[in-house]
Amino acid sequence: MFLEVVREWLCPNKCIVCRSFIEENSGVGLCLHCEEALLERNLCPRCGKPYGVDSSVCSYCNEVPRGVTRIVALFPYVDFYKESVLRWKYTGIRKYAKGYSVLMANLIQREHLDIDCLIPVPIARHRYFERGFNQAFDLAEELSNYTSIPVLELLERAYDTKPQSACKKEERAKNIHKAIRVKEDTKQDLQIEGNVPINIALIDDIYTTGSTVAECIRALKQETSIQIQDIYVLTVCLAI
């Protein structure tokens, strides 16, 4: 792990996805080949998944958590893109968050997304101590630097759960149920601001079934007086 991090810092002009060398570093950290693979074409305007251009109805939208306005992802959760996000998540190459955030900032601008605050999805305490960081919070902070949208670290894990990646699809909702709550020290401030409808963006690294997102929404709606208008989900990888 240590050598992996050292190699990444010694070779800063490597693509954050396939790790090929980039002759001119644009600040995004992607080679031209991987940049062409961004999820931008033939996408459902709500769930963000690609579907046939001849289809009149998206077959995936019935799986989107209630209340979600739109899911926006950079890459499909496959191949080099999956390896990239897992490398960021588990080997501590935190500079990846900067590259991902530049791409997300471009998406927000291009799609004219009206977002009032960025809310990172929390991770379990023991996983935070193991890694030393919450990748969703890092991504939110970097994205805030480029967009000036404030980060509100409102959510925390109420208790540790089995990793969602270790659960079958039908087990995920039960595993995460009531495992996320609003931080006590933020509730008073939220009560004061709760009369103005706002648009929020939940920030995470990987979106699969939506169970964790649904739990975050439940906590925000049940434990605060915030009037939430639109809910966006911004994620690096999307399971398709």
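View 1. Buried here means under 20% relative accessible area, exposed means over 50%, and partly exposed is in between, using a 1.4 Å probe and protein chains only. What you're looking at is a predicted model, where local features need pLDDT of at least 70, side-chain atom pairs count only at pLDDT 80 or more, and totals for chains, interfaces and linings use all residues. Residues are numbered from 1 along each chain as its sequence is written, and side-chain values use heavy atoms, with hydrogens and water left out. The partner of Lys89 is Asp205, and the closest N and O atoms of this salt bridge sit 3.2 Å apart. Lys89 belongs to helix H3 (residues 79-91) and Asp205 to strand E5 (residues 198-207), so the bridge links parts of the chain 116 residues apart. Asp205 is buried too, at 3% relative accessibility. A salt bridge, for the record, is a side-chain nitrogen of Lys or Arg within 4 Å of a carboxyl oxygen of Asp or Glu. Helices (H or I, at least four residues) and strands (E, at least two) are DSSP runs, numbered from the N terminus.

**View 2. Asp138 and Arg94 pair up through their side chains in a salt bridge, 2.7 Å from N to O.** Asp138 is in helix H6, while Arg94 is in the loop between H3 and helix H4 (96-111), so the bridge ties together parts that are 44 residues apart in sequence.

**View 3. Glu156 and Arg181 form a salt bridge between two strands.** The N to O distance is 2.9 Å. Glu156 sits in strand E3 and Arg181 in strand E4 (residues 180-182), 25 residues apart. Both residues count as partly exposed: Glu156 has a relative accessible area of 21%, and Arg181 comes in at 32%. Elsewhere, Arg70, Arg110 and Glu111 are linked in a network of salt bridges, and the count for the model is 8 salt bridges.

**View 4. The sulfurs of Cys18 and Cys31 are 3.7 Å apart, too far for a bond.** A disulfide needs a pair of cysteine sulfur atoms within 2.5 Å, and the count here is 0 disulfides. Cys18 is partly exposed, with a relative accessible area of 24%, while Cys237 is buried at 0% relative accessibility.

**View 5. Ala136 is a buried residue of helix H6.** Its relative accessible area is 1%. Leaving out residues up to four places away in sequence, Ala136 touches Pro120, Val121, Ile203 and Asp204; a contact means heavy atoms within 4.5 Å. The C-alpha atoms of Ala136 and Leu202 are 9.1 Å apart, although these residues are separated by 66 residues along the chain.

**View 6. The second largest pocket has a volume of about 330 Å³.** Of the 18 residues lining this pocket, the closest to its centre are Ile123, Tyr128, Asn134, Glu153 and Lys183. Helix H5 (125-131), helix H6 (135-147) and strand E3 (155-157) are the elements that each give two or more residues to the lining. By class, the lining has 9 nonpolar, 2 polar and 7 charged residues. Ala, Val, Leu, Ile, Met, Phe, Trp, Tyr, Cys and Pro count as nonpolar, Asp, Glu, Lys and Arg as charged, and the others, Gly among them, as polar. On a 1 Å grid over the protein atoms alone, a pocket is an open set of points with protein on both sides within 12 Å along at least five of seven lines, a cavity is a set where a 1.4 Å probe fits but cannot get out, and lining residues have an atom within 4 Å of a point. Grid points are joined across faces, edges and corners, and a volume is the space filled by probe spheres set on the points.

**View 7. The largest cavity holds about 60 Å³ of space.** There is 1 cavity of 30 Å³ or more. Its lining consists of Cys47, Lys49, Tyr60, Glu63, Val64, Ile71, Tyr207, Thr208 and Thr209, which divide into 5 nonpolar, 2 polar and 2 charged residues.
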